[in-house]
Amino acid sequence: MNAPLQVLPGAIRLAGLTLGYDRHPAVHHLDGTIPAGDMLAVVGPNGAGKSTLLKGLVGEIPCLDGAILRGVPREALAYLPQADEIDRSFPLSVLDLASMGLWRRAGAWRSLGRSRGAVLDALGSVGLSGFEERAIGTLSGGQFQRVLFARLILQDAAVILLDEPFTGIDARTVDDLVGLIGRWHAQGRTVVAALHDFAQVRAHFPRTLLIAREPVAWGPTAAVLTPQNLARAARLSEAWDEAAGVCARGHDHAPAHPDPAQAHGHERAHAHTHAHGHAHGHEHGHEQAGHGHGSAA
C-alpha cells in the first residue's frame, strides 16, 4: 500500500494533477511542490493552462485526476483573476471594492466601522488616497488594478495568486505593484503569478514554472527560460488535441520530480506506451491534451 501523500505546512503540493473542463484536460501531469514563501512565475504560450492552474489552486475548478494538497487552509489563499473577468459596470465605489478584502474577517454584511481606517490605509499604500468615493467604472486600467491590490492587502493572505496582474496597465503602476509584490515576498508570503512578460519574470521572480498543457520545466528562472525549453513549449502548445479526454493512467504514478527545483526542464517521458486515447505525433510520445475553454490562459 502506498504511503499517504504529505505536504509541509504552508506549502502546496501538486500530485499527478490534471485540471480541465467537461472532462477535457487543460493542464495535466503536474507533479511538484510550491514551498511556503515561494516567489513563482507561471509562464507558457497562449492557451498553455496558466489561468486554469491558478483556478485549480484556489479551488474554483475541481481536479480531474491527481490531487492538490494544501498545507494552508483554503481561506488563507487570495486570488486575483484577470481584469477582463471582473465586471466594472457594477455600481461600486473604490472604497466598497477595496473593503471586500475584509469580508472573510468581518463578514459580508457587517458595517466597516472601525475597519474604515484600514481600508483607507490600504488605498493609500497603492497610491489611491482621495479616490474613496470614485465609481470603479470611471477608473483607468491602472487605477482599477491598484484597487484590486488594495483589496488583496486587506485579505492579508499567506498565499497570493495573481493572474496576469500587469496586463493593460501603465508602466508606473507596474513598477508600484511589483514593489508591493516584493514586499509581500519579503514578509514570507507565497506569491504565484501567471505572467507573459519574460523580462519581468527574469527581473523579479527567482523561480518559474513553464507549462504548455503539461510541465516543461520548473525551477530557478534562469534554468527554465532557456531557448530550448521555450521552443519545446511552443511545439507542445501546437500539438494538443482539443477532443482528448483524461488520461487512463492505469498504473501507480509517482511524481516524476518530487522536488520540482530539480527538474530544470527534464523531459517527462512515461516509461510505458501511451494508450491514453490522445493525439500522438509530437516529441517522445508524451500526449498533449487540452480543451479550448475560454478560461484557460
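This is a predicted model: local features need pLDDT of at least 70, side-chain atom pairs count only at pLDDT 80 or more; totals for chains, interfaces and linings use all residues.
Colleague: In which sense do strand β8 and β9 pair, and over how many bridges?
Modeller: Residues are numbered from 1 along each chain as its sequence is written, and side-chain values use heavy atoms, with hydrogens and water left out. Strand β8 spans residues 207-211; strands are DSSP runs of E (at least two residues) and helices runs of H or I (at least four), numbered from the N terminus. Pairing takes at least two DSSP bridges between two strands, and β8 and β9 pair in the antiparallel sense over 5 bridges.

Colleague: Which residue of β9 is the bridge partner of Arg207?
Modeller: Arg207 belongs to β8, on one side together with Leu209 and Ile211. Its bridge partner in β9 is Pro220.

Colleague: Which residue takes a positive phi in the hairpin of β8 and β9?
Modeller: This hairpin has 3 residues between its strands. With a positive phi near 70 degrees, the residue you want is Arg213.

Colleague: Which strands stand at the edges of the open sheet?
Modeller: The sheet has 6 strands in the order β5-β6-β7-β3-β8-β9, with mixed pairing. Two of them have a single partner strand each, so one side of each is left without a neighbour in the sheet: β5 (77-80) and β9 (215-220).

Colleague: What angle does the direction of helix α1 make with that of β6?
Modeller: Helix α1 (residues 50-58) packs on the sheet and touches β3, β5, β6, β7 and β8. Axes are lines fitted to C-alpha atoms (for helices over the stretch in contact), with angles from 0 to 180 degrees between N-to-C directions. For α1 and β6, this comes to about 150 degrees.

Colleague: How many residues of α1 are buried?
Modeller: Buried means under 20% relative accessible area, exposed over 50% and partly exposed in between (1.4 Å probe, protein chains only). Lys50 and Lys55 are among the buried residues of α1. The helix is largely enclosed by the rest of the structure, because the buried count is 9 of the 9.

Colleague: Which residues is Ser237 in contact with?
Modeller: Ser237 lies in helix α9 (residues 227-239) and counts as buried at 17% relative accessibility. A contact is a pair of heavy atoms within 4.5 Å. Leaving aside neighbours within four places in sequence, its contacts are Pro45 and Ala212.
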